[in-house]
Structure formats: structure tokens, C-alpha cells
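Please read the explanation below alongside the sequence and the coordinates.

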Protein chains: 2
Amino acid sequence: MTTWDIRDSYLGIGQWEREIEHLLDHADDDRVVWNVDDTDTREYDAIFLGGGAAGRFGSAFLRARGGRQLIIERWPFLGGSCPHNACVPHHLFSEVAAELMLARTFSGRFWFPDMDGRITSLKEIVDLFRAGRVAPHAIMNFQSKEQLDLEYVLNAEGTIVGPHTVEVAGRRFTTRKLVLAMGSRPRPFDVPGADLPGVFDYETLVEDLDYEPGDTVVVVGGSKTAVEYGSFFSATGRRTIMLVRDRPLKIVPDGETRRYALDRMREQGVEIVEGAEVTEVVGGPTGHVSTVRYLAPDGAHSVDTDFVFLGLGELPNTEVAAETLGIKLDAKGSAIVNPQMQTSVPDVYAIGDMLGAPMEMFKARKSGMYASRHIMGEDVHYVYDEYPDFLHTHYEVTWFGLGEEQARETHDAVITIKMPPDTEHGLDVALPATDRTMLYAFAKPHMSGFQKLVVDATTRRVLGAHHVGYGAKDAFQYLFELHRRGGITVDQLAEMDELFLNPTHFIQLSRLRAGAADLRDL
Amino acid sequence: MTTWDIRDSYLGIGQWEREIEHLLDHADDDRVVWNVDDTDTREYDAIFLGGGAAGRFGSAFLRARGGRQLIIERWPFLGGSCPHNACVPHHLFSEVAAELMLARTFSGRFWFPDMDGRITSLKEIVDLFRAGRVAPHAIMNFQSKEQLDLEYVLNAEGTIVGPHTVEVAGRRFTTRKLVLAMGSRPRPFDVPGADLPGVFDYETLVEDLDYEPGDTVVVVGGSKTAVEYGSFFSATGRRTIMLVRDRPLKIVPDGETRRYALDRMREQGVEIVEGAEVTEVVGGPTGHVSTVRYLAPDGAHSVDTDFVFLGLGELPNTEVAAETLGIKLDAKGSAIVNPQMQTSVPDVYAIGDMLGAPMEMFKARKSGMYASRHIMGEDVHYVYDEYPDFLHTHYEVTWFGLGEEQARETHDAVITIKMPPDTEHGLDVALPATDRTMLYAFAKPHMSGFQKLVVDATTRRVLGAHHVGYGAKDAFQYLFELHRRGGITVDQLAEMDELFLNPTHFIQLSRLRAGAADLRDL
């Protein structure tokens, strides 16, 4: 292990790309990336164990506040698993799914190629990601050093010595506070054969795929990850069977929205088996997976396949900290923290995926920010009990607040404002329509999306917003903020300035009803 | 002229589609669509002359308030020119431009066809629009009658008799207030040959195109419409020459954002000639356009082409009202109104495009709503001096507030937060990246978009926000509302919940700086 001291060097983004690539590709290159300010004699205010979204944003905030921080990260880059083998590849794959659905829908029309019966390469897209992923890594390393002035040690495992002491690459660092930001990993699958070659999760898919999968894919799971990857596999033209223990997409709160998303998946050919329990993954003569056996409500089945994807969620990486420091975990293995992000051990904080669900970027980054604020003496309180959320099918599905069913259970007078409207024509109506659903709107109107506002007719406030389509995800961040600031009413929506054709038609639809003292469905 | 009385009938969306199609296609079908409630003996509170966005939304609001209204519209459908031959087709064409840019960028790779040298059909896309446009019309007629309970007379020209009297299809209607909502039309071009076959504007393109244009297109103009259509024509593979009298896209307030958008257009092959003045459009032997002659700063030129597009903006349809009622117009021919939408003639209001720039949907609909509120006795005040805005190149370009240049002129301490960052690597950085720019980010990073926040470092408030990419247009509606409510600060952005990978990276980028007492560029 050698120390590569970069403290006094300027490394551009291109240079970082080359270095990270080398460090990742060459196991014998064991350089520890050393960006420590030895001229600063202050004690560290915080050492962040882990330089993913949580640790990096926590560090940036603490540093900006004038504190001293150090990130210790086992990978040679900052940013964590998300851009390496988790949420960023899923975005590339979901874009491919959306584009392939478009190409298949218009197969042979306009400029689209004939997609009939065509299976497109899965490996090529995975390879594209793998070849390009160091670029975002490089930006994070660059930005963190040159623009955010952070201290970090990369490509070396940190060892927890105690609440104030961490060792890395043979050197001990002491700190006022220790912040655990060690992330999560794919939940393993406890059935025979789950470790066979050809069985992947979101990490190993990116790391290990070295062959072109055949024409049948089995996906285990029915939550976000399973649906996102299943939609991608299906879009490549492969028969895709999703084995869901319970019901798929339970996370989507509005029933009609969930049905729209699932119906479109099925229409694209995804086979969803509810109540399915995998009993065995069977290997063929070469040891590669060849068959999946499962029990469904209608009996035992088996599917021949050379490609199985496990989309079973994530587990927090909390074991080491629990053992070495004794931080308390909940029943699911997540670190227990208070609203100041403090664990049960004095001076030890935990942030990000270690805290369990939702393992989302906003929580990772904000929990890091809040830990740092508290460490720097601020009186803060962070809970994440309500937030906007999304997932990808072949579409973007976005929501916040209550689904219609739950709203009706908890409120006396609920109305909905939606598109397409409730008529005898069902979905076969050319609205909604907007950027990236115009071809659908004009040629396959039922594919052009679904959207709904759930409104309390008494207070006239939006209780929930739900969208399937494209281009609304970004909006939900700001719309939710308006909702969080004391609620957003139909009347306030009516006053906003829509950018026609807007992906959410919420503003104009609300305006059509806002004149009425008694709100009605639309 | 016969009266088709539909007052007591239920017409479904499908039925409306068939009827509208017939009325549009058969000049001899002169039925007047008659939806008048003769059982209501009250005087009309307002008659809306024109049932486009302004008249329809104004009517809906007035009716919801309990007032009585009547729309008189010369077309057999409500919704106006936008879904018929103006802004809706442009959205379809812009989606095609975006998809074709993607297909050309990845020509022959993955599932994309070989696009090298390939010219795709322009007429096919126009035909797709033309065949499908009655569907939205049908929804508007249906919704307005069955869901919004509006009264209307369609497919007949209304005649202004006086401020309280309108005649249509031989019947006189009297009203307490008259609301003019007569829209706008393409600005004509005053050069020899501008009326030749083969010279189109946004209306005639949709109405009249009956041949496949050749391999060269000339676009006259450099504003929104010209750029939107020019990008579409170019994306089909045709040589596209834009003749711009001044500079293109002056409407985009931030210089760097404007350059990014224009540079990508040029990269896609659009030729933009600044300071160009068309001198003559020349017809060939058949009388069809064959050549365009123009003067540029470097001298006289001519281009052979069979297709010319005039993107010169719009003129308000105010002449008739000025003549018959004497309403005052400004120097540009727009109706002059006060913040209650009242013209210079008592009891006569004007709304929508008749008021001049910006001829945008939000203003049309909101001016209608405000006129109705005032007519129904509310004390209202509507000005539209600040609003979010957008246009399409091959991308979506969205903005509000000040560009960096103007911010620096008017504020002491301005910082910017942007992506890609200012480094020696320029645009060749894999961020921003998000839904629908992931393939670019991984293979052609300079194409993956540009975004910038302009911030007053003293108040920490956002002064302007600028975005080129996809999926941010909807967000700007709500982000602008936060801005309008007393300003949105970097610190408030840092508190929001991003939906990663969000099209606007504003939240997370702000969070990286928000910890600092002294804001700096990022």
C-alpha cells in the first residue's frame, strides 16, 4: 500500500478519470488517494466513514460552515454506490426502456426500425454504463477537492477504533465526532442456487455481466428495483417474468395510478406472477443458471432461463458499527438515530442508507447535512416522514401524499381532478399529452399517461398528486415544497403560470374548477 | 345554415370526434352547433367572442362562479388555434426533433437505424397531426358541455352589434358584458413572392402541406416559432437555413444558456445567418417557390428551395373590434386593457392574444379568469410582467428571471451555480445527466444539457434560473411560484427533497454551497 499524496496538486476531471479507471482496473495498484491537510492543526470536527452521497454532502456542509472534516472511503472515488452500480445505471436502463417502448410502438413507422421480434443487446447497454461510469466519479473527486475544499482518503478501508478514532492506511485520525455513512447493499436471496452464475442483483449486473442473456429473464421481486429492471429487460424484447411474493408496486399509493403503470407494463409484455415463491434456482451442466422453480397460487412451475435478476431491496451496512461501537439497530438492522442523526453511542452519528428506508438520495444528502449542522452547534431536527417519491416503469411514475383510497378513508369530502377524465371512453382519450408523449397522444392515446390530484373539497387543499408519464419528476420536488409550506390549494394552483403543454396538467385543470364554491370532480 | 341543437343531448368524446371531423371536412355541412339554455331566463353576464383558451377558461370560471355565459366561436370546436394549427403541432414536431437528434446521434448503434444522410418524411408527421387533431377538439367540446356546463354556439361567425349585443346565425344575444377573445394570426411577410405556394407559416403548414419538401428548407425569423420549426426541419435531415434579421433567440435572457442552445442547433447542422434580410421569394415554372434571395452582411445570396417557413411571430386579431366598437389599440395593434381586462369601451373586456405579447397559454387562460372575476364583482388586479417561459430547440429551453449579465448589472454580488461546472473541460463533462439525457451523458457528454442558477449572494435569493435539457419545464411552473412568493433562497433549496437524478440539479448544487456564510460560484 502506497500513499498518493495529492494535497498540493491540481487534478482536472480528465486526469481523475484516468486515475480512477486505473485504480479500479488494476488490483495491484494499491495507491491510497491522500488528500489530507497536514498544515491544519485543528482537531477534526467530524470524520465521515464513507464518501457516498451522505458522507460527501455532510462533509461539504460541515466544511462550508467552517468546520474540519475527513472522508474515508474504500473506493477510489467519492459519490458511493449510486453512480457506480446502483441508481445511476438504473436511470440509463430506464431511459433505454422508455426509448425502446417508443421504437416498438412505432416499429417500422416514420424513422423507427422494424422491431418486430427483435431482441436488442442488454450487455451493450451495461457495457456503455460500465465504460462511462468513471466520468461522474471524476467529477465528484474533482468538485470535492477543488471546489468544496474537502479532505479525503480514498481507496482504503477505514477501521473504527472507537467513537473518536479511525485508522486508515496505517495512520490514526482522531475526531470530535464520528459520522457513519457506510451505505447499503443488495438484499441477498436465501434459496438454493441463488449464488449461481447468471443470477444477478443491481450491483453484480453492472460488475459481472459478461454474456448476452438469452430470450427469457426471470425477475424476483415486485418493488421499485424489480420493476425498474424488469421493465428494462422486457423492453429489450426478452420474455420477462416477474415473480412477486405479494403484490407489485405497493409503494405507489394511488390504486388507479398503480393500475395504469402495471397495465402498461403488462401491455409491453411483462408477465407478473403475484403470490409467487421461488423454491430453487437450478444450474445447468456448466454450472450456469438454467431453470427457476417457483410456487404460484395455481401450483408449481419452472421457467428455463440463463438470466435471473434479484430485485429484493437493500440492507443497511450496519453490522461492523454495531460490533465495534455497539450502536443500536432496529429489527430490520437499520441504525437507530434521533432527529439530530445521533446514534445510541455518544459522539457517533449515522446517516444515509444505514438508517434504513427510504434509501433515497434526498435522505442520504439531507441526513448528512443535518448531522453536520448539529455537530457544528446548530439546534436541528430532521425527520423524513413525508416526501415526494418516484420510480420508473417504461414511464416515470411520481407521487406525493395520499392516494385516493386513503384520502377517502381519512377525509369527509374528497374530489379528484384527473386526466384522462372519467368517461365511457376510458383511457382512449388524447389527453394528457406533453413533451415526450405527443407521438403516443396522436397515435396511441391510451399510452400518453395518467395523472390525478386528490383534493380535500373542504379545505380545497391537495392531499396527494400522482403522475405517470414523463417530465413531471422534477416538478414534484417543487410542488411538494409548496404542499409542505402549509398546503397548496386548487385556488393557488389556478393562479400559477403553466408552461403549456405542461406534463402535469394540474394548474389548468384546477383553474377550470377553482371558480366554484363547491368543488367537484373533473 | 341550419341549427344543430345539442342542448338536451349527451355527446360523448367519440361522437364529437366524428362530428367535428365532418364539419371541418365538408364545407357544405353548415350546421351551427347550438348549445344554448333557453330555459334560463337570466341575462348573460358575459358573452365571449371566441372560444379559444382565453374564452373557454374565462367562461368556465364565470360559470363556476354562478354566472351565465355564452361562447360564440367560428370554428366547430372549442380550444382555439392552439390545438388546431399553432402550439400543439409544434409540440409534436419538437418531440420528433428531439427523438431524431437522439437517433442521429446514435445512428447504427444499439437499436437505432442507420440515419446517415437519411431524410425523413416531414409530411408524414404533419399528416399524423392533422389526422389526430380533432381528438383534443372533441375533449374540449365534451368537457365544456358535460363537465363545465357551458353554453356555446360553434361553427358560426359572431357579429358585434354593440357593447351589449352580438348576433350569430340570425339571432341576437344581449349581455351585461362583452369579452373579446378573438386570438391572433401569423404575422404576414411583406416581400415579393411571400404568397407563393411552398411558403408556409405555422397555420398553413398544418392546413396546406400536400407534398414532401425537398432537401433544403429556408426559415425566416429567429424567435421562438422560427427556432422551434427550424429545429424540426433540420432534424428530418434537411439542410436548414435560418435567415435572422437580428440575432436569434433574443428572448432567452442568459447569454451562456442561449449560446448552449444555439451551439447545439448549429452542431445538428442548422445554418443561422444573422443580419439577413429576405429580398425576394422567387417562383419556378409551376409557380411554386424555387429560390429565396437575401442580403446578408457579406452580400447578396440566393438559396434554391421548394419549402420556405415564415416564423415571424403573431398579430393580434383586433381590427374588427377596433372598427365596430372603437376599442383603443397600442402601436402594435394590441388591445389596451387595464389590470381588470377592461378595454377603453365600457362593458367591453379583451383577453388572450388580443392583448399582445406574451401570446402564451397561461396569459390567455388567466386573463380570461380575471375578466370573469371582475365581471362577477370581484376586485381583481392582473398583470403579467414576470413569468416563467420556455421554447424548444432540439431540446427544451426553460427559464425565469434574470440572465447572468442583467443580474450583474443590477446587483452588487452575484454568484452562479451551474452544471457543467466552469473548468478547463468545458462542456465535456458527464453532468448534468437525468431522464432522457442519460445516453448523451454516457456517450456524448457535451450534449447532456446545461443549467444555471443566478443568485444574489447578499440576500441568497435566486434571481434567475435557466435550463437546457428535458424534463424541467414542468418544474419551472412551481419553482417560479416559490420565487414569486417572496423569493426562493439557496438555503430553502437545500432543504427540499430532490428526486434523483433530477433534471434540475438546483437542489443538490445549492445544498453543497448553502453551508457557507459567503456564497461562492459552483
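The model is a predicted one. Its chains A and B meet in an interface to which 115 residues of chain A and 115 residues of chain B contribute contacts. Together the two chains bury about 10000 Å², and 64% of this area lies on carbon and sulfur atoms. Polar links also cross the interface: there are 52 residue pairs in polar contact, counting pairs with both residues at pLDDT 80 or more. On the side of chain A that touches chain B, the residues divide into 67 nonpolar, 20 polar and 28 charged.

Salt bridges across the interface of chain A and chain B number 12. One of the salt bridges in the model joins the side chains of Glu498(A) and Arg365(B), with an N to O distance of 2.9 Å. Over all chains, the structure holds 92 salt bridges. Another pair is formed within chain A by Asp45(A) and Arg176(A), whose closest N and O atoms are 3.0 Å apart.

Next come the sheets. Strands of a sheet pair through backbone hydrogen bonds, in either a parallel or an antiparallel way. In chain B, five strands make an open sheet with antiparallel pairing, in the order β20-β21-β24-β23-β22. The edges are taken by β20 (389–392) and β22 (414–419) of chain B; each has a single partner strand, so one side of each has no neighbour in the sheet. Neighbouring strands of this sheet are turned against each other by 15 degrees on average, direction ignored. The partner of β20(B) is β21 (residues 396–401) of chain B, and these two strands pair in the antiparallel sense over four bridges. Within that pairing, Phe390(B) has Thr398(B) in β21(B) as its bridge partner. Helix α8 (residues 224–235) of chain B packs on the sheet and touches β20 and β21 of chain B. The direction of α8 makes about 35 degrees with that of β20(B).

Chain A has an open sheet of three strands in the order β14-β15-β16, also with antiparallel pairing. Here β14 (277–283) and β16 (299–304) of chain A stand at the edges, and because each has a single partner strand, one side of each is left without a neighbour in the sheet. From one strand to the next the twist averages 20 degrees. Strand β15 (residues 289–296) of chain A pairs with β16(A) in the antiparallel sense over six bridges. In β16(A), Ser302(A) is the bridge partner of Arg293(A).

The last topic is backbone geometry. Most peptide bonds are trans, and most residues other than glycine have a negative phi. Leu501(B) is in the loop between α15 (490–495) and α16 (506–514) of chain B. In chain A, Asp149(A) is not a glycine but has a positive phi of about 60 degrees. Asp149(A) is placed in the loop between α6 (134–147) and β5 (152–154) of chain A.

Definitions and conventions:
Residues are numbered from 1 along each chain as its sequence is written. Chains are lettered from A and ligands numbered from 1 in the order in which they are written. This is a predicted model: local features need pLDDT of at least 70, side-chain atom pairs count only at pLDDT 80 or more; totals for chains, interfaces and linings use all residues. Side-chain values use heavy atoms; hydrogens and water are left out. Contact means heavy atoms within 4.5 Å. Buried area is the accessible area (1.4 Å probe) that two parts lose on being put together, summed over both. A salt bridge is a side-chain nitrogen of Lys or Arg within 4 Å of a carboxyl oxygen of Asp or Glu. A polar contact is a pair of N or O atoms within 3.5 Å; within protein, one must be able to donate a hydrogen and the other to accept it, and residues adjacent in sequence count only if both atoms are side-chain atoms. Ala, Val, Leu, Ile, Met, Phe, Trp, Tyr, Cys and Pro count as nonpolar, Asp, Glu, Lys and Arg as charged, and the others, Gly among them, as polar. Two strands pair if DSSP finds at least two bridges between them. Axes are lines fitted to C-alpha atoms, for helices over the stretch in contact, and angles run from 0 to 180 degrees between N-to-C directions.
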